[in-house]
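The tour below moves from one selection to the next and describes what is found at each stop.

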Amino acid sequence: MHRRNFLHTLGACTTGFALSGCAIAPKPASHKRQSTRPNIVYILADDLGYGDIRALNKNSGIPTPNLDRLAKTGMVFTDAHAGAAVCTPTRYGVLTGRYSWRTHMKSGVLKGYSPHLIDPERTTVASLLKQNGYTTGCVGKWHLGMDFSKTGPNPQDIDYSKPIVNGPNRLGFDYFYGICASLDFPPYVYIENDRVTELPTAKQEASAFPAFMREGERSPGFIPVETLDVLTGKTIDFIERQSTDSSPFFLYFPMTAPHKPTIPSPQYQGRSGLGPYGDFVAQVDGAVGRVMDALTLAGVKDNTLVIFTSDNGSYMRRLEEGANADHTNDPAIQGYRPSSHNPNYYFRGTKADIWEAGHRIPYIAHWPGIIEPGTRCDTPICLTDLMATCADIISRPLSANTGEDSFSTLPLMLGQQRAIPRAPVLHQSGNGTLAIRKGDWKLVLSSGSGGREKPVGEPWSEPYQLFNIKNNPQESHNMAASNPEIVRELTKEIQRYIDHGRTRYTGL
């Protein structure tokens, strides 16, 4: 499809998303006046690995029929990357189009009590779309900090009866329902817009893996095993409300799973045969199916772009094949033998690592009548690209200080090449180690993993590591010693991107 025909095509989308389980009659398309601008639903799984989905890893033993169907009727991006290998910095990049390490936060993640990270004056994807006629909603795990009303010097010294400031509503979202951080961080409360829905008068005891949780304050009605179902229900409620509105909507659904605590709901327990983690992935798939069904029932599916992805790789380790047990037969073990399951496919490492397993993620785009069904794109992209993609969809150019590291994926979804090539994707590990991916080459600016795999190393500790990702995606062969000129070139290039404060249109 040519770009000049793009806007004329939006209102005439006809390709359907097959519903599973039973025949459901959707509302007629006239239920909502079709807009020339699509609804945008962005589903961000939490710690889902590239190899967890059968459409991406045919050897996966986890049933993922809804995601497989999404891939069959949409486009799979095989070289997609989170902005970082851990939660908070990736989420910053998703909403701002800017790498998180450009802020004061150079490594790690925020906690449940942490103050806001995103500058309230900074344009986000939500505020951009809201300014251009969209109704915006966020349901799920925020993990970008928000400012509770403090009563003392300790993190938990909070007056929960007072409004929260500098949260999602301040950053462009008309509606928010969710939790402040990961499901293993206190305070364990639901927040609706700027208010806690129930005071945290109960206590959550600490627990070990797989149901890993930190001790802390909890609302009596906050039941962790029910959280994903609760948030999925609120997501569906938002879709149903907006289906009667003539304005398009943007819905950001950052899930809480399969991140720890690994606690699938009872109806999914035992479904995968791969332990609680596999069951939790199956529940993620089920939640996606419920959202897609809701779009169909609301009569808005044909005018909706759905993107499904993950904030980083899986935390499940790859054990030696000869190990006596793994997560399949001992849920307390945080890892699988390769013959059981490969959550991160054949990529090296886990969540938090600078290796591919830390940031190479599943990414599926589904847009009836616009994206050719069953297609794939092997061009590298990054989750920071959402900002420029949305701006391209609504034909609004970004200002110089907005989305500094964002590049539109719209041409790729249309099966075209970008008019302006994307700058190299930059990666970040848990400890702040950076890497640059240019073409087939990936240079790691450290002597270690920067995360969990040993040796960990420190950011900018030499000798650096160079890999040819096309020929060696497992990153088993360090080619730095034999290619010193490439190491020098890429080191200078990443330094220029750091110094310029952007990768978009630096003239480099």
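Against which elements do the buried residues of helix 2 pack? Select helix 2, residues 65–72, and then display its surroundings: the buried residues pack against strand 2 (75–77), helix 6 (275–297), strand 11 (304–310) and strand 14 (363–366). The buried residues in question are Asn66, Leu67, Arg69, Leu70 and Ala71. Here, buried means under 20% relative accessible area, exposed means over 50%, and partly exposed lies in between (1.4 Å probe, protein chains only). Helices (H or I, at least four residues) and strands (E, at least two) are DSSP runs numbered from the N terminus.

Two conventions apply throughout. This is a predicted model, in which local features need pLDDT of at least 70 and side-chain atom pairs count only at pLDDT 80 or more, whereas totals for chains, interfaces and linings use all residues. Residues are numbered from 1 along each chain as its sequence is written, and side-chain values use heavy atoms, with hydrogens and water left out.

**The whole chain**

Next, select the entire chain and colour it by secondary structure: ten helices and 20 strands are present. The C-alpha atoms fill a box of roughly 65 × 55 × 45 Å along the principal axes. For 508 residues, a compact globule would have a radius of gyration near 23 Å, and the 22 Å of this chain agrees with that. The radius is taken over C-alpha atoms, and the globule rule is 2.2 Å times the number of residues to the power 0.38. Of the 508 residues, 62% are buried. Among contacts (heavy atoms within 4.5 Å) between residues at least 6 apart in sequence, 72% join residues at least 24 apart.

**Confidence**

Now colour by pLDDT, the predictor's confidence in each residue, from 0 to 100. The mean is 93, and 93% of the residues reach 70 or more. Select residues 1–34, where the pLDDT is below 50; beyond near neighbours in sequence, this stretch has 82 contacts in the model. Where pLDDT is low, the predicted coordinates should not be read in detail.

Select tryptophan 355, in the loop between strand 13 (335–336) and helix 7 (356–359). Is this tryptophan 355 buried or exposed? Tryptophan 355 is buried, because its relative accessible area is 1%. Leaving aside neighbours within four places in sequence, its contacts include Arg348, Lys442, Phe467 and Glu475. The C-alpha atom of serine 429, 74 residues away along the chain, is separated from that of tryptophan 355 by 8.3 Å.

Move on to glutamate 475, in the loop between strand 20 (465–468) and helix 10 (484–500). Glutamate 475 is also buried, with a relative accessible area of 0%. Its phi is near 55 degrees, a positive value in a residue other than glycine.

**Backbone features**

Select asparagine 166, in the loop between strand 4 (135–141) and strand 5 (175–179). Although asparagine 166 is not a glycine, its phi is positive, at about 55 degrees.

Finally, select residues 257 and 258: the peptide bond from alanine 257 to proline 258 is cis, with omega near 5 degrees. Proline 258 belongs to strand 10 (residues 249–258). The peptide bond from lysine 260 to proline 261 is likewise cis, with omega near 5 degrees, and proline 261 lies in the loop between strand 10 and helix 6.
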